[in-house]
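Let's take a walk through this protein together, one stop at a time. Keep the picture beside you and find each residue as it comes up.

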Amino acid sequence: MSLVPPPFDTELAAVLESFRGVIEPGLTPADVEAARRGAAVELVDVTMDGAFEAEDRTVSGPEGAPGVSLLLCRPTTAPVPAPLPVLYHVHGGGLVAGTNRVGVTEPLAWARELGAVVVSVEYRLAPEHPHPAPIEDVYAGLLWTAEHAREIGGDPDRIVVAGASAGGGLTAALALLARDRRGPRPLGQLLMCPMLDDRNDSVSSRQMAGLGVWDRTANETAWTALLGDRRGGPEVSPYAAPARATDLSGLPRAFLDVGSAETFRDEVVGYASRIWQAGGEAELHVWPGGCHGFDALAPEATLSRTARAARLRWLRRLLG
C-alpha cells in the first residue's frame, strides 16, 4: 500500500513551489561538490551589525589529526561581572558540506537576546573523512571551549550544544560521547530537525520520498558518505548515528523539534520518547506541515517564527 504524505503548511508549500527546479530533495553523490560550493559562498555577518566581536581560531584537533577551526563570537557590550553562557554550535550540511558559518545566524540571534558567547565548530567532511572524523573534531572543539571558556568570557558550567540537521545529529552524538568519556557536560542540547538514524527506513522517510528539500535518497547519500558499506548494518556506532544508542540515560536536558512533513520526523519523535523512557528530560515539538529546515527556507512564515520563538523560550528557561 502506498503511503500518503502529510500536507505541507500552506505558506511553506508556496515557498517550496517557488523553488521548484532550484531546490531538489534527492541529493546524490554527483551533487556533493555543488552543495559544497553553495555552502562556501553563504554570506553571513557574524558580527550582527557590530553586536559581536568575531574571531577565527584554530585549536588542537583529535590526536594525530589536523587542528579544528572555531568561529568565536563575543558580545561587544560592556563587560559583565559574571561569565556568560556559551552556545556551542555544530553546522549542518548533510555531513558532506558546510562550514562554521552555515546556520550560525540563529545561535547569534539567541546570543544577542540572552547575552551569550557563540562558538561554532568546523569539522572534516565525508566522504573524504568518514566516521569518526566529524564527531571527533566536534568533541575536540568542545574540549577546547570548556577548557578556555573563561578566556573568551564564557562560563564552563553553562555550555549549551546546538545544531540543525546533520549538525543536530552530531550534537546528539556529542552529548553521548561527552557522557561516556566523562568529558565536559553541557547544560543542555538543542537539536533542530536532527539527522539521527542511518537505517533510513522509517515511515516518514518513505512518506516523504521525492518531496521537500531532503528525502531518503539524500539521506542515503549522506549516511553512505559517512559510513560506507556499514550504513544500515549491525555495527554502526551511536557516535555516528545516535538513534543506535541503547542507553539514553544521563544526558543533558534536551530540546528537539522537527516538521510533521519531513524525512526525520519519526526518528526524532522516537529519540525524544527514548530519552523520557530512560528518565531524562526532553521538550519535543513536531511542527505541523513543516518540511526539513523550513525556518531557514521561509524565515518569515508564521510556523517559522513560532518555532524560533519556542527555541528561544527553552534556552531562556534553561539558562535562568
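Cys-291 is buried, because its relative accessible area is 0% (buried means under 20% relative accessible area, exposed over 50%, and partly exposed in between, using a 1.4 Å probe and protein chains only). Cys-193 is buried too, with a relative accessible area of 10%. What keeps Cys-193 from bonding to the closest cysteine sulfur? The sulfur of Cys-193 is 9.4 Å from that of Cys-291, which is too far for a bond. A disulfide is a covalent bond between the sulfur atoms of two cysteines, and here one is counted when a pair of cysteine sulfur atoms lies within 2.5 Å. By this rule there are zero disulfides.

Before going on, a word about what you are looking at: this is a predicted model, in which local features need pLDDT of at least 70 and side-chain atom pairs count only at pLDDT 80 or more, while totals for chains, interfaces and linings use all residues. Residues are numbered from 1 along each chain as its sequence is written, and side-chain values use heavy atoms, with hydrogens and water left out.

Stay with Cys-193 for a moment, in the loop between E6 and H6. Helices (H or I, at least four residues) and strands (E, at least two) are DSSP runs, numbered from the N terminus. The phi of Cys-193 is positive, near 40 degrees, although the residue is not glycine. Most residues other than glycine have a negative phi, and most peptide bonds are trans. Ser-165 is another non-glycine residue with a positive phi, of about 60 degrees. You will find Ser-165 in the loop between strand E5 (154-164) and helix H5 (166-180), and it counts as buried at 12% relative accessibility.

One runs from Ala-126 to Pro-127, with omega near 0 degrees; another runs from His-131 to Pro-132, with omega near 15 degrees. Pro-127 lies in the loop between E4 and helix H4 (133-147), and Pro-132 lies in the loop between E4 and H4 as well.

Strand E4 itself (residues 117-121) holds Ser-120. Is Ser-120 buried or exposed? Ser-120 counts as buried because its relative accessibility is 0%. Its side chain makes a polar contact of 2.9 Å with the side chain of His-89, and it also reaches the backbone oxygen of Asn-100 at 2.7 Å. A polar contact is a pair of N or O atoms within 3.5 Å; within protein, one must be able to donate a hydrogen and the other to accept it, and residues adjacent in sequence count only if both atoms are side-chain atoms. Contact in the wider sense means heavy atoms within 4.5 Å. Leaving out residues up to four places away in sequence, Ser-120 touches Ser-69, Leu-70, Leu-71, His-89, Asn-100 and Val-104.

Next comes Asp-198, in the loop between strand E6 (188-192) and helix H6 (203-207). Asp-198 counts as buried, at 0% relative accessibility. Which backbone nitrogen does the side chain of Asp-198 reach? It is that of Gly-232, at 2.6 Å. Beyond its neighbours within four places in sequence, Asp-198 has contacts that include Trp-223, Leu-227, Arg-230 and Arg-244.

From here, move on to some strands that pair, meaning that DSSP finds at least two bridges between them. E6 and E7 run parallel and are joined by five bridges, with Gly-188 standing opposite Arg-253 in E7. Strand E7 (residues 253-259) also pairs with strand E8 (residues 282-287), again in the parallel sense, over six bridges. Phe-255 has Glu-283 in E8 as its bridge partner, while Asp-257 has His-285. Six of the seven residues of E7 are buried, so this strand is largely enclosed by the rest of the structure.

Our last stop is helix H10 (residues 302-319), which has 18 residues. Its buried residues include Leu-303, Ala-307, Ala-310, Trp-314 and Leu-318. An α-helix has 3.6 residues a turn, so residues three or four places apart point the same way. Just after H10, Gly-320 takes a positive phi of about 70 degrees.

Technical notes. Expected span 1.5 Å × (residues − 1).
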